[in-house]
Amino acid sequence: MSSTTTATQTNTITAENVLRLFPEVNTTLIGAGAQTSATDNDLEGYDEEQIRLMDEMCIVLDENDVPIGSASKKVCHLMENIDQGLLHRAFSVFLFDSNNRLLLQQRATEKITFPDMWTNTCCSHPLGIPGETGVGLDASVQGVRRAGQRKLDHELGIKAAQVPLDDFKFLTRIHYKSPSDGKWGEHEIDYILFIKADVDIEPNLNEVQATRYVSQSDLKAMFEDKKLKFTPWFKLICNSMLFEWWDHLDSGLEKYTGETEIRRM
């Protein structure tokens, strides 16, 4: 299992210093374009479709989750930038069926970061596109809901009609940093979204190699299986609050939703 580090940064990234530290960051959120990664030496040998996705524009943040620009997925996930404090916005969707089983996915081998690892239903990033950016918690939550709906379709073939925006419940944000390998990693403020829905799944095999519905006991048994690897953010969430939230899925979850403080993990 990949190690997870705390969110302590070498630099405090601000709107004033971000361009000096990271010249590849754009000061605009919407409409900025990355240079194509197709001929990038950092990405040589990786899957063609996954290389293309590295051109998507993530939302660059200060430590208080205020957007200060945008940068390509590649720029945001290089450890050399992460170790200097570059931070971006993300989300993690936890989808439960009517039997309160959690849908897990195993990331495809083709993935550039955290390949082959089991994780929650869907984990990705809101992008610098209309509808997915946001300043202030309410607008930001709505942006990640739209991004979650988009990525559930892209990764798992789950159509928007089965996961209406208003059905996504926002719980909290976690700020964490973790390497994938020596080259790539994550440094995110990650929005946690729950949704309960019975859905039709048609996985995109370039993104997802397997899916599994699990009960709490099933998941705990998976953690005991030394052959299985899990993404660091999923383990963080499981080791902190997931099972308590899960216990209250049908009654009392509202006391855990809408948390305004960022959990530094």
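**A residue and a helix pair**

Modeller: Please note that this is a predicted model. Phe 170 is buried, because its relative accessible area is 7% and the cut-off for buried is under 20%.

Biologist: Which strand does Phe 170 lie in?

Modeller: Phe 170 belongs to strand S7, which covers residues 169-179.

Biologist: And what does Phe 170 touch, leaving out residues up to four places away in sequence?

Modeller: Its contacts include Leu 137, Val 141 and Arg 145, together with Tyr 191, Ile 192 and Leu 193. Thr 257, Gly 258 and Glu 259 are also among them.

Biologist: How far apart are Phe 170 and Tyr 256 in space?

Modeller: Their C-alpha atoms are 8.9 Å apart, while 86 residues separate them in sequence.

Biologist: Changing topic, what does UniProt place at residues 86-236?

Modeller: The unreviewed UniProt entry gives "domain: Nudix hydrolase" there. Over residues 86-236 the chain is 23% helix and 33% strand, with the end C-alpha atoms 20 Å apart.

Biologist: Now the helices. At what angle do H6 and H7 pack?

Modeller: Helix H6 (residues 216-224) and helix H7 (residues 232-247) pack at about 160 degrees, and their axes are 12 Å apart. The two are therefore roughly antiparallel, as the angle is over 145 degrees. Their crossing is left-handed.

Biologist: Which residues meet there?

Modeller: From H6, Gln 216, Leu 219, Lys 220 and Phe 223 take part; among their partners in H7 are Phe 234, Cys 238, Leu 242 and Trp 246. The residues of this contact comprise seven nonpolar, one polar and three charged.

Methods
Residues numbered from 1 in each chain as written. Predicted model: local features only at pLDDT ≥ 70, side-chain atom pairs only at ≥ 80, totals over all residues. Heavy atoms only, no water. UniProt positions renumbered as here; feature names shortened; annotations may be inferred. Helix = DSSP H or I, 4+ residues; strand = E, 2+ residues; numbered from the N terminus. Buried < 20%, exposed > 50% of the residue type's maximum accessible area, 1.4 Å probe, protein only. Contact = heavy atoms within 4.5 Å. Axes fitted to C-alpha atoms, helices over the stretch in contact; angles between N-to-C directions. Parallel < 35°, antiparallel > 145°, perpendicular 65-115°, else oblique. Left-handed = near helix turned anticlockwise from the far one by under 90°. Nonpolar A, V, L, I, M, F, W, Y, C, P; charged D, E, K, R; others polar.
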